[in-house]
Amino acid sequence: MEHVLSTDYDTPPGTEVRDDAFYEAFRAELRQFMEANCPPELRTKVRNAHKMARKEYSEWQRILAAKGWGAPGWPVEYGGTGWDLRQRYLFEEVSAELDCPPLYHHGLGHIGPVIMHFGTPEQKARFLPRIIDGSEWWCQGYSEPGAGSDLASLKTSAVRQGDHYVVNGQKIWTSHAQEADIMYTLVRTSVEARKQQGITLLAIPLDTPGIEVRPIHTIDHWHHVNEVFLRDVKVPVENCIGEEGTGWKYGKFLLDRERLSPASVPRLIRQLEQVEKVLLERLREQGTSPSLHGALERLFVARASAQGAREMLLSAITEEIQGTLASSKSSALKLHASELAQAISSLAFDLAAPELAPRLLPDDEEAPVSDAEDRERQLVHTYLFYRSRSIAGGTSEVQKNVIARELFGA
Ligand SMILES: Cc1cc2nc3c(=O)[nH]c(=O)nc-3n(C[C@H](O)[C@H](O)[C@H](O)COP(=O)(O)OP(=O)(O)OC[C@H]3O[C@@H](n4cnc5c(N)ncnc54)[C@H](O)[C@@H]3O)c2cc1C
């Protein structure tokens, strides 16, 4: 699929206007660096759709940080590249095209911007550089057994005692908690007012006594989500991000960014290209048939949908830079990208003989397999994992509610 970056998006105020030749040279520079510096074994893993763990993410993050590209979306003042919208999107696009690992989002995409906007100078100096060099990993402690879509019902409590809080409660579905250093956590510091009030955002180091992380194994046989139990966990007051009791505001700021992931659409376009290649090969080998014709139709719909997602993403990134991003826009994008991801992975799965599924999920995940078998196995994993795309980061129903509320006042 040919991608031409349209030029008709508003240039954010204060951004230097550059011509197409500048961006073409920039794309060539990205391509040259990534081809020369991204380790081939990492690229194979990404191409075969393996799940990434801290080791892989950090390896690539360190290489990018050494080049000065560790935080493509951050301003220069905080160690970022200061790139404009088109540069940021080109970075994601080239990275996806060359099968380089995505950037780990919890630090760079989520808590980093919150600390930049609302943190103290000490918090900025303490946390931001370690997100960029990949030496410190964050995870998100929002959801609880009784508080997912209705996040404001969260009950994990933090009681102030002198210069620290004492935290008690349970978080669930905490992605990567088993390998993270710090959990940015929404806790309840007061029950007196509306439930959105009295919520506070704390940075809780996961090696603090009283924390237990228990694995949850999902349908795709992957361990990346967890339960996190907190029993009398002492957290220094200086780890409170922003003001006590106003964590809902920061939590929402962060959720809007979570729903706007600059990397997700180029990665989906790359997957779509791979599916298209397989389908065209089948058509060449077998000629047309009702099932391949049906697959072709699904491919065309997915391509149109991917183009729409790309346009939405570009306009949302512009609005984020201008500070005008509406929740409905990031929710619409999240909804659209989840549906697209599921459509692409379903199509790939259907093409690759679903009867293989049971034997492609063996008990011994470490057993050596051929490259082709590995690719097929990961395809089934991706299909299963993508079922969660319409749940994680806020369910599709909740996104529809946000859109309806903002657009129609429903
Ligand atoms: C793979 C994965 C990774 C995750 N990672 C994290 C993480 O790192 N950190 C974290 O904090 N959380 C994480 N989550 C949790 C995720 O944010 C929640 O699962 C999600 O918000 C839904 O909450 P719930 O599971 O409690 O479901 P519920 O809120 O109980 O929803 C159950 C069903 O009811 C529907 N529903 C609920 N309310 C409404 C409504 N008002 N209108 C219409 N329908 C409604 C929902 O759409 C859903 O279909 C992750 C989840 C998954 C699956």
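Two residues are in contact when they have heavy atoms within 4.5 Å of each other. Helices and strands here are DSSP runs (H or I, at least four residues, for a helix; E, at least two, for a strand), numbered from the N terminus. What you see is a predicted model, in which local features need pLDDT of at least 70 and side-chain atom pairs count only at pLDDT 80 or more, while totals for chains, interfaces and linings use all residues. Residues are numbered from 1 along each chain as its sequence is written, and side-chain values use heavy atoms, with hydrogens and water left out.

Let's begin in the interior. A nonpolar core is a set of buried Ala, Val, Leu, Ile, Met, Phe, Trp, Tyr and Cys residues joined through side-chain atoms within 4.5 Å. Buried means under 20% relative accessible area, exposed means over 50%, and partly exposed lies in between (1.4 Å probe, protein chains only). The largest such core has 45 residues, and L30, W74, I111 and W138 have the most contacts inside it. Among the elements that give two or more residues to this core are α1 (20-37), α4 (85-97), α6 (121-132) and α7. Which residues does I111 touch, leaving aside neighbours within four places in sequence? They are H106, I131, W138, Y184, L201, I241 and L254. Apart from this core lies another, of 31 residues, with V275, A295, L314 and I317 among them.

L254, one of the partners of I111, is also one of the buried residues of helix α7. This helix runs over residues 247-259 and reaches 18 Å from its first C-alpha to its last, close to the 18 Å expected; the expected span is 1.5 Å times one less than the number of residues. Because 10 of its 13 residues are buried, α7 is largely enclosed by the rest of the structure.

Now find C240, in strand β8 (residues 240-241). Is C240 buried or exposed? Its relative accessibility is 10%, so C240 counts as buried. Not counting residues up to four places away in sequence, C240 touches Q123, Y165, T200, L201 and L202.

On a 1 Å grid over the protein atoms alone, a cavity is a set of points where a 1.4 Å probe fits but cannot get out, and a pocket is an open set with protein on both sides within 12 Å along at least five of seven lines; lining residues have an atom within 4 Å of a point. The largest cavity has a volume of about 110 Å³. Of the 13 residues that line this cavity, Q61, Y104, I131, G134 and W137 lie nearest its centre. Helix α3 gives the most to this lining, with three residues.

The second largest pocket holds about 750 Å³ of space. It is lined by 26 residues, and Q274, V275, V278, R375 and L379 are the closest to its centre. Helices α8 (264-286), α10 (327-351) and α11 (371-385) each give two or more residues to the lining, and α8 has the largest share, with 10 residues.

Let's finish with α11. In this helix, D374, R377, Q378, V380, H381, T382 and L384 are buried, and what covers the buried residues includes α10.

Technical notes: Points joined across faces, edges and corners; volume = space filled by probe spheres on them.
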